[in-house]
Each structure stands twice: as C-alpha cells, then as structure tokens.
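Have a look at it first, then work through the points in order.

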Amino acid sequence: MKGSEMKVRDYLSIPYVLEAQPIERDGEWTRRLRYPELGGFEAEHEDVEQALLALERMRIEEIMRRLRAGELPPVPRPPLETTDQGWWARFLGVGGLVQGQLDRPATDLANDE
C-alpha cells in the first residue's frame with residue numbers, strides 16, 4: 001500500500017515497535033514506554049497499563065498532527081486489518097481527533113484549514 005493510497009485509519013493501525021524499560025527515580029520504580037519509530041515522545045507511570053494508555057493517546061495525537069501538517073508518518077510495516085481505531089480513540093478520550101476522518105485519504109488532511 002502506497003502512502004498516497006492510505007487512509008487515516010491505515011496510519012492509525014500501523015503496529016509500531018513498543019519499547020518499555022523500568023526506571024528508578026529516588027528509590028522508586030516506574031515504567032517508561034515509547035514508540036521509537038514514531039517520534040521522541042514517551043510516557044512514564046508506575047503502572048505499565050496507565051503508561052500504555054497515555055502513550056496510545058500520544059500516538060494518535062502525533063499521527064493526526066503529522067497528517068494535518070502534510071507529513072506522512074513512517075510505515076515500517078503494513079497496517080493491521082483487525083483493529084477498530086475509532087473505538088480505541090474514543091476509549092482513550094481522543095475520539096474527537098479522528099471523528100469523521102478515519103476513511104478519508106490521509107493526504108487530504110493536509111488540505112484542511
């Protein structure tokens with residue numbers, strides 16, 4: 001699938017490598033998660049599930065930001081076909097970012113005001 005043919009849903013369904021590491025701060029352990037293929041953002045929390053939810057919100061925000069800026073996100077592997085990115089975005093509290101956008105060609109977002 002070529003970048004010019006991909007829909008917003010496709011970019012949101014790309015399985016990026018998840019990097020996780022324990023971090024000690026002042027004698028307390030926390031977890032740091034990030035998607036190194038997608039950018040320099042990361043999430044930290046003592047509960048790995050909470051860190052993952054925060055990271056997933058950031059992933060959606062970053063992909064939508066890039067698409068709106070006319071910058072296509074990296075595609076290191078094909079999108080998964082079995083994910084419901086609309087549901088996931090709503091669950092994470094960022095559904096408004098993708099509402100009405102999922103089936104649009106990704107390159108069209110850069111033309112929006």
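The points below go through the charged pairs, a surface patch and the nonpolar core.

1. A word on the source before anything else: what you're looking at is a predicted model. Keep that in mind as you read the distances below.

2. Let's begin with salt bridges. A search of the whole structure turns up ten of them. I'll pick out a few pairs here.

3. Take Arg-32 and Glu-44, whose side chains meet in a salt bridge at 3.0 Å, N to O. This pair links distant parts of the chain, with Arg-32 in strand 2 and Glu-44 in strand 3 (residues 42–45), twelve residues apart. Is each partner buried or exposed, or something in between? Arg-32 has a relative accessible area of 19%, so it counts as buried, the cut-off being under 20%. Glu-44, at 32%, is partly exposed.

4. Now over to helix 2, which spans residues 48–68. Glu-56 forms a salt bridge with Arg-59, and their closest N and O atoms are 3.0 Å apart. Both sit in this helix, three residues apart, or about one turn. Glu-56 and Arg-59 are both buried.

5. Helix 2 holds another such pair: Arg-66 and Glu-62, four residues apart, again about one turn of the helix. Their side chains meet in a salt bridge at 2.7 Å, N to O. Here too, both Arg-66 and Glu-62 are buried.

6. Which residues form the negative surface patch? They are Glu-24, Asp-26, Glu-28, Glu-46, Asp-47 and Glu-49. One of them, Glu-28, is placed in strand 2 (residues 28–34). With a relative accessibility of 58%, Glu-28 is classed as exposed, because the cut-off for that is over 50%.

7. Finally, the inside. In soluble globular proteins, nonpolar side chains tend to be buried together. The largest nonpolar core in this model has 26 residues, and Leu-12 and Ile-60 are those with the most contacts inside it. Helix 1 (8–12), helix 2 and helix 3 (85–92) are the elements that give two or more residues to this core. Which element gives the largest share? Helix 2 does, with eight residues.

Note on methods
Residues are numbered from 1 along each chain as its sequence is written. This is a predicted model: local features need pLDDT of at least 70, side-chain atom pairs count only at pLDDT 80 or more; totals for chains, interfaces and linings use all residues. Side-chain values use heavy atoms; hydrogens and water are left out. Patches are made of residues with over 30% relative accessible area and no salt bridge: like charges are joined within 9 Å, nonpolar side chains (Val, Leu, Ile, Met, Phe, Trp, Tyr) within 5 Å. Accessible areas come from the Shrake-Rupley method with a 1.4 Å probe; for residues, only the protein chains shown count as cover. A salt bridge is a side-chain nitrogen of Lys or Arg within 4 Å of a carboxyl oxygen of Asp or Glu. Lys and Arg count as positive and Asp and Glu as negative; His and the chain ends are not counted. The place of a charge is taken as NZ of Lys, CZ of Arg, CG of Asp or CD of Glu. Buried means under 20% relative accessible area, exposed over 50%, partly exposed in between (1.4 Å probe, protein chains only). A nonpolar core is a set of buried Ala, Val, Leu, Ile, Met, Phe, Trp, Tyr and Cys residues joined through side-chain atoms within 4.5 Å.
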